[in-house]
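Reader: I am new to this structure and would like to know what stands behind the words used for it. Please set each value against its definition.

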Amino acid sequence: MIQIKTPARIHFGQLDLNGDLGRIYGGSGAAIVEPYTLIKVKKNSKLEVEGLKKEKKKLIIEKFLSDLKKRKLLTKNQGVRIIIESLLPAHYGLGSGTQFGLAVAEGINKLYDLKLEPKELAQIVDRKHSRSAIGFGAFYQGGFIVDAGRPISDKNNDQYLPPIVYQNKLPSEWRFLIIIPHFKKEKIAGKKEIKAFNEIEKMSVQKCAENAHHLLLGMLPAVEENNIDKFSSHLNIIEDNVSEYFSKAQGGKYSSKHAQEIIDLMVNEGVLARGQSSWGPALYGLVENKEKAKKIKLKLQEKLSEKINEIHITKAANNGAEITKSV
């Protein structure tokens with residue numbers, strides 16, 4: 001049996017929504033320990049799926065198994081029994097689809113000793129409309145990740161996996177607050193996400209350069225030097241620059257109507273970096289340590305409990321997914 005526990009991923013936004021240099025998107029993000037997806041994979045003569053959202057997830061697993069059999073990597077009678085014990089919430093900005101897909105793929109890969117490389121698995125897994133490699137990097141490497149976007153010629157190529165150009169561990173004492181606010185609007189995903197990206201105003205070259213400047217000469221050295229203040233101040237500028245361009249598509253700076261109030265309270269209580277992961281509605285705040293995070297969580301629960309569904313205090317998943325094998 002193979003057990004896979006995946007991280008969630010926070011996406012800090014695209015660096016370049018212009019493309020005049022021949023590449024577009026690019027960005028940074030972090031793998032975090034909680035919330036997470038947890039599945040168990042066992043050999044079986046057919047496909048059996050148990051646990052959370054088993055019918056919906058069975059369709060994804062069936063497609064992956066079918067692709068493996070078409071490639072003659074598995075025989076007709078080689079199947080799996082998969083038990084889904086925990087799932088990241090879908091379309092909340094935490095990378096649920098990529099994490100589940102890679103967990104299934106790597107579980108079967110190791111179960112049957114297929115010896116497929118991560119990039120091969122990513123090509124087989126349905127990563128439709130994924131514009132970044134942050135989720136891929138979160139699963140396989142963990143920590144803080146930067147990807148270099150994609151060529152304009154591959155802007156809509158679902159099979160293209162952007163190169164990861166930087167990865168490093170985040171200090172173990174840093175803590176993220178992950179807040180899931182009440183959210184009633186339709187989530188932006190699939191065809192709706194493609195439409196939204198196509199309609200986003202072209203980012204000015206000046207803003208793209210500013211984002212890259214704050215990443216390369218701000219966030220990266222701050223990680224190397226364990227400087228959370230500098231890391232946060234540069235990240236906040238990128239977050240604000242990017243949210244300006246997404247505001248029309250998501251109805252404001254953030255996708256949830258409660259987000260600004262939640263962010264403002266966190267900032268008043270001492271959060272250093274703050275923002276929305278991808279399309280949200282998940283929000284994050286970054287602080288120096290667990291004690292500080294606990295105080296802010298209590299304040300959020302006291303003041304805004306009716307506007308918040310979940311609050312997680314977590315740290316970076318610096319080694320990516322946890323994969324264990326047992327008899």
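Reader: What makes D240 and R274 a salt bridge?

Author: This is a predicted model, in which local features need pLDDT of at least 70 and side-chain atom pairs count only at pLDDT 80 or more, while totals for chains, interfaces and linings use all residues. Residues are numbered from 1 along each chain as its sequence is written, and side-chain values use heavy atoms, with hydrogens and water left out. A salt bridge is a side-chain nitrogen of Lys or Arg within 4 Å of a carboxyl oxygen of Asp or Glu. The closest N and O atoms of D240 and R274 are 3.0 Å apart, so the pair meets that definition.

Reader: Where in the chain do D240 and R274 lie?

Author: D240 belongs to helix α7 and R274 to strand β9 (residues 273-276), so that the pair links distant parts of the chain, 34 residues apart. Helices (H or I, at least four residues) and strands (E, at least two) are DSSP runs, numbered from the N terminus.

Reader: What joins D240, K253 and R274 into one network?

Author: Salt bridges that share partners join D240, K253 and R274. A search of the whole structure finds 10 salt bridges.

Reader: Why does the pair of K40 and E85 tie together separate parts of the chain?

Author: The closest N and O atoms of K40 and E85 are 3.2 Å apart, and the two form a salt bridge. Because K40 lies in strand β2 and E85 in strand β4 (residues 79-86), the pair ties together parts that are 45 residues apart in sequence. E85, with a relative accessible area of 39%, is partly exposed.

Reader: How are R274 and the other residues of β9 arranged?

Author: A273 and G275 point one way from β9, R274 and Q276 point the other way, and all are buried. In a regular strand the side chains alternate between the two faces of the sheet.

Reader: What makes β9 and β10 a pair of strands?

Author: Two strands pair if DSSP finds at least two bridges between them. β9 and β10 pair in the antiparallel sense over 4 bridges, and in β10 the bridge partner of G275 is Y284. Their hairpin has 6 residues between the strands, and S278 there takes a positive phi near 55°.

Reader: Which strands does β1 pair with?

Author: β1 is joined to β2 by 11 bridges, the two strands running antiparallel, and K5 stands opposite L38 in β2. Another 4 bridges join β1 to strand β12 (residues 322-325), also antiparallel, with Q3 opposite T324. β1 is mostly covered, as 13 of its 15 residues are buried.

Reader: Why are the buried residues of α1 said to be on the same side?

Author: In α1, K57, I61, F64, L65, D67 and L68 are buried. They cover an arc of only 155° around the axis, which puts them on the same side of α1; the arc is that of the directions from the helix axis to the C-beta atoms. On the other side of α1, E55, K56, L59 and K70 are exposed.

Reader: Why is I134 called buried?

Author: I134, in helix α4 (residues 134-140), has 0% relative accessibility and therefore counts as buried. Among the residues that I134 touches are R9, I10, H11 and I145, where contact means heavy atoms within 4.5 Å.

Reader: What makes a group of residues a nonpolar core?

Author: A nonpolar core is a set of buried Ala, Val, Leu, Ile, Met, Phe, Trp, Tyr and Cys residues joined through side-chain atoms within 4.5 Å. The largest such core here has 40 residues, and those with the most contacts inside it are F12, F144, F176 and F231. The largest share of this core, 7 residues, comes from α7. A second, separate core of 34 residues includes L47, I82, F100 and F139.

Technical notes
Buried means under 20% relative accessible area, exposed over 50%, partly exposed in between (1.4 Å probe, protein chains only). Lists of a residue's contacts leave out its neighbours within four places in sequence.
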